[in-house]
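Trainee: I should like to learn how to read the features of a protein model. May we work through one together?

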Amino acid sequence: MTAADDYRDLGEAAWCWSLDQVRGDDGPWLPDNVPDGGAPAVPPADRDSLYSGIAGLAPVLAEIALHRPLRDDEQALADAVVERLTTQPGRTEPSLYFGLAGDAVALRLLAPGAETAVLARLADLVTPAGWPTEERVDPVLDGPITDVVLGTAGVVLTAVWTGGEHSAAVATAGCDALLRAAERTPAGLDWGMVPHATSRGPNFSHGTAGIAAALAVAGSALGRPDYVEAAVEGAQHLLSVGSLADDGFVVPHTIPPARREVEPLTYTWCHGPAGTSYLFTALREAGVADVSGRPVGELRQRCLHSVLTSGIPQRLRPGFWDNDGRCCGTAGVGDVLLDAVQDAADPARADELLAAAVTMADALVERVVRDAAGARWRFVEYRIAEPLLPPGTTWMQGAAGIGAFLLRLARVLDDGRAAPVVDRPDQWWGVPARLRTVHVAP
């Protein structure tokens, strides 16, 4: 067997284990983790979400469909996900990873055209401040959330990605709300998760990097230079609070630093340079050549350099790299690296980045828990008595998402840098347009 075969086999084993956790109770659902004593018997509140629910199975099914035909049980699951997500008329949570925008992602992947009704619902729910949410992220402040995961920026990205009759209205309303929520700094613009929040997570998932990326992508799609300019000003602010030392670029995890955070810097999709690199490809998509005199291509490469020289995925010290998932760990970094591999103009640089993606996969091979039931991973929380956490099942924090990364890596190793890439709303601009595919289950 080749290395690609090994990664593919492990990806299939991870999917097998996740698939076995799917339950049926008013439609499919899955527990987000499976403790030794058994998983909960009651569906969680976020059972439908892209982050940890059944919508998150859609990009895995799309990835599998690029690898082999779906089996009958997989097609039945895809159909059941579509039925569940199209029969929730009272759903109001708007967000990409926990609400309606995530439903739209799953439906576009599994039943193209069905997402149109979801975008219409988002158009009806919007207010001048953005979308009302059931989430509360600040103990003092309340209001619409701005970010990619829970807020307006994620809805904007989804609207641009889905296209269709409601896309421009939803994206425009969201961008206008983001402009109203922006806060002027000496260097540019900044956003909290809610306006005037005292603590900022400035990187991609919850802060200025992701919000500016959404404005850049939408500005390009809508022909709105004011949105693009706001995105540039967001990038200028990040340059002012980050570090360009040692040929890299990193922005702190939290500003001001939170006492609960062990590491002031992390290197993940959510809170580190792996995810923040997408801001600079979004600016490229919008036709921006440089930020504060630095080419956007250089800034992306600086982000990746910081990842490659950080020491991950080694667990160098307690709290340094304890997660192997897509959101906060190894698989997410690996997927960012594969985007950069497939987008690289220089073959030598592509080889370097591919080797780094393989390093991420090899760490997953080393840390896997595998038996006759399949493959899964136990992340670490060293501050508790039993530091190995129960294995997760889901797209962002479990075996389903990890398996999808391994399957993609195997395809790139087999087919080269021209291998198709499953399209998603928060990364599509990071790869050449010719490689993008919304692969729908047959």
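Trainee: How many Å should the 18 residues of helix 1 span?

Mentor: The expected span of a helix is 1.5 Å times one less than its number of residues. Helix 1 (residues 3-20) should therefore span 26 Å, and its end C-alpha atoms are 26 Å apart, which agrees. Helices (H or I, at least four residues) and strands (E, at least two) are DSSP runs, numbered from the N terminus. This is a predicted model, in which local features need pLDDT of at least 70 and side-chain atom pairs count only at pLDDT 80 or more, while totals for chains, interfaces and linings use all residues. Residues are numbered from 1 along each chain as its sequence is written, and side-chain values use heavy atoms, with hydrogens and water left out.

Trainee: Against which elements do the buried residues of helix 1 pack?

Mentor: Buried means under 20% relative accessible area, exposed over 50%, and partly exposed in between (1.4 Å probe, protein chains only). Contact means heavy atoms within 4.5 Å. The buried residues of helix 1 include Leu10 and Ala14, and its buried residues pack against elements including helix 2 (57-67), helix 13 (347-367) and helix 14.

Trainee: Which residues touch the most other members of the largest nonpolar core?

Mentor: In soluble globular proteins, nonpolar side chains tend to be buried together. A nonpolar core is a set of buried Ala, Val, Leu, Ile, Met, Phe, Trp, Tyr and Cys residues joined through side-chain atoms within 4.5 Å. Here the largest core has 139 residues, and Tyr97, Trp269, Leu283 and Trp377 touch the most other members. Helix 14 (residues 399-415) gives the most to this core, with 10 residues. Beyond four places in sequence, Trp377 touches Leu10, Ala14 and Leu364, among others.

Trainee: Is Leu364 buried or exposed?

Mentor: Leu364, in helix 13, is buried, because its relative accessible area is 0%.

Trainee: How many salt bridges are there?

Mentor: Side chains of opposite charge can pair when their charged atoms come close. A salt bridge is a side-chain nitrogen of Lys or Arg within 4 Å of a carboxyl oxygen of Asp or Glu. By this rule the count comes to 32. One of them joins Asp48 and Arg84, with the closest N and O atoms 2.9 Å apart. Asp48 lies in the loop between strand 2 (28-29) and helix 2 and Arg84 in helix 3, so the pair ties together parts 36 residues apart in sequence.
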